[in-house]
Each structure stands twice: as C-alpha cells, then as structure tokens.
Amino acid sequence: MIVHYFVQLNKKQMKKITFLLIIQFMLLSGVKAQDVEKNFVPYYMKDGEVALFERKGAKIEAKAIGFGYGGVNQYLTIFNSKYSSVRFQSNAVPKFVMSLDEGIDPFDIIIISKADVVKKRKKYRRFIQKGNSMGGGSKDISQHLIIPELKKINKNLYEVMMPSLAPGEYAFQPIYKGTEANNIMGTSGEVRIYCFGIDE
C-alpha cells in the first residue's frame, strides 16, 4: 500500500511538472523577434510579454586594490542608487531573452556582473568590468562575472540560460555591437547599463 501510494504521488507530481514545462514552453515559443524592439538589449518575460530591465547611467572608475599591490580594477558605478527598481525572488527568476543581429556568434556575448558588497551607508552600486595586476597584466575576475549560454528560440531571438543567482545587485555589461552601440554612451560620459536585483 505504501509503495502504491508513492507511485501514485510521483505520477501526480510528474503530471504537474510536465504541465508547468508545457506552459513555460508555450510562453517562450510565443515570443517572436519582432516583439523585441532592439537587438543586443536584454529583456525579461512578464505575463507572457517582454519587459525592460532598469536602465541606469554608470561612471567608469578605476580603483587601486590594496594600495596598488592588488592591481587596479575598472568599475561601472551607479551613484545615488544602491538598489535596482527591477527585482526578482531568488526562487522565481523569470526567463531572460535577447535578440541579436543576423549572423552574430552568440558565444560569450552576454556578461553579467554582480555588484560589490559595500557598507550600508554607501549609496551606490559598483560593478567590476576588468582588472589589471600590479605588473600590468590582466587579472582573473571570473569569480565576479556570469557568462550565460544562449539558447535559440526562433530566428535571431535567444533565451539567456541563467544559473542560480545569489541575492544581490546585477548588471549586464555593455555590448558594443549593432545600432544599440550608439546608445550606450550618455551625453555626460556615462555608460548606460541594464540592471536587476535578486532578493531572498
């Protein structure tokens, strides 16, 4: 009887999981490249439609680490805004999508940076972009970055395959490709980046 109960329970669970997967597939497969206004701009799925991430202007800054012994890091810093207005729960992150120009290789085209943890009184978000060692060579900053794979949905539209995300603030690194590359730099020299936050 106990074995029979668990078999029945597993069948019910499998039906529920299958149903949810079908719904997700239908929502994603219903998205078309023409639904996305701009190429090389990230979107997320909300109620079956694409929605924009928060777009903020960030200053490019260089910061010496450990009085210079740890080299120099380059950051994209958003001042007077510590938290993104676009937020997701860590266990309910929606699908991310992006449309690319035809013929573009999707490999490593998207890089997402997690903001440094700063003191509570600080009112900024700081995302590492690259780093140089004291000797001038490039530093390994891969622990601060996420490079997701892209899964083709249709035509030039891709799903951004995100791993599990820890709570914190995140930003898409600028993509200097296509017509959107002309819209990255602001008139005051700021770099426009797309951001989101993850809550527990």
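**Notebook: rings, cores and one exposed glutamate**

I started with R126, which lies over the face of Y75, 4.8 Å from the ring centre. My rule for a charge over a ring: NZ of Lys or CZ of Arg within 6 Å of the ring centre and within 35 degrees of the ring normal.

Ground rules before going on. This is a predicted model, where local features need pLDDT of at least 70 and side-chain atom pairs count only at pLDDT 80 or more, while totals for chains, interfaces and linings use all residues. Residues are numbered from 1 along each chain as its sequence is written, and side-chain values use heavy atoms, with hydrogens and water left out.

**Aromatic pairs**

I found 13 aromatic pairs in the structure. Rings of Phe, Tyr and Trp (its six-membered ring) pair if their centres lie within 6.5 Å; planes under 30 degrees apart are stacked, over 60 edge-to-face, and the rest tilted.

I looked up Y44 and F88: their ring centres are 5.0 Å apart and the planes stand at 75 degrees, so I logged the pair as edge-to-face. Y44 sits in strand β1 (residues 43-46) and F88 in strand β5 (residues 87-89), so this pair links parts of the chain 44 residues apart. Strands here are DSSP runs (E, at least two residues), numbered from the N terminus. Both Y44 and F88 are buried, meaning under 20% relative accessible area, against over 50% for exposed and partly exposed in between (1.4 Å probe, protein chains only).

Next I took F172 and F196, with ring centres 5.9 Å apart and planes at 55 degrees, so that pair is tilted. F172 is in strand β12 (residues 168-172) and F196 in strand β13 (residues 191-199), 24 residues apart in sequence. I have F172 as buried at 5% relative accessibility, and F196 as buried at 0%.

Ring pairs join Y44, F53, F88, F96, Y170, F172 and F196 into a cluster.

**Cores**

Which residues touch the most other members of the largest nonpolar core? I got F53, F88, F96, I110, I112, F172 and F196, out of 30 residues. A nonpolar core is a set of buried Ala, Val, Leu, Ile, Met, Phe, Trp, Tyr and Cys residues joined through side-chain atoms within 4.5 Å.

Another core, of 10 residues, lies apart from this one and includes A58, I78, A171 and I193.

**E149**

Last, I checked E149, in strand β10 (residues 149-154). E149 counts as exposed, at 62% relative accessibility. Not counting residues up to four places away in sequence, E149 touches E159, V160 and M161; contact means heavy atoms within 4.5 Å.

Methods
Helix = DSSP H or I, 4+ residues; strand = E, 2+ residues; numbered from the N terminus.
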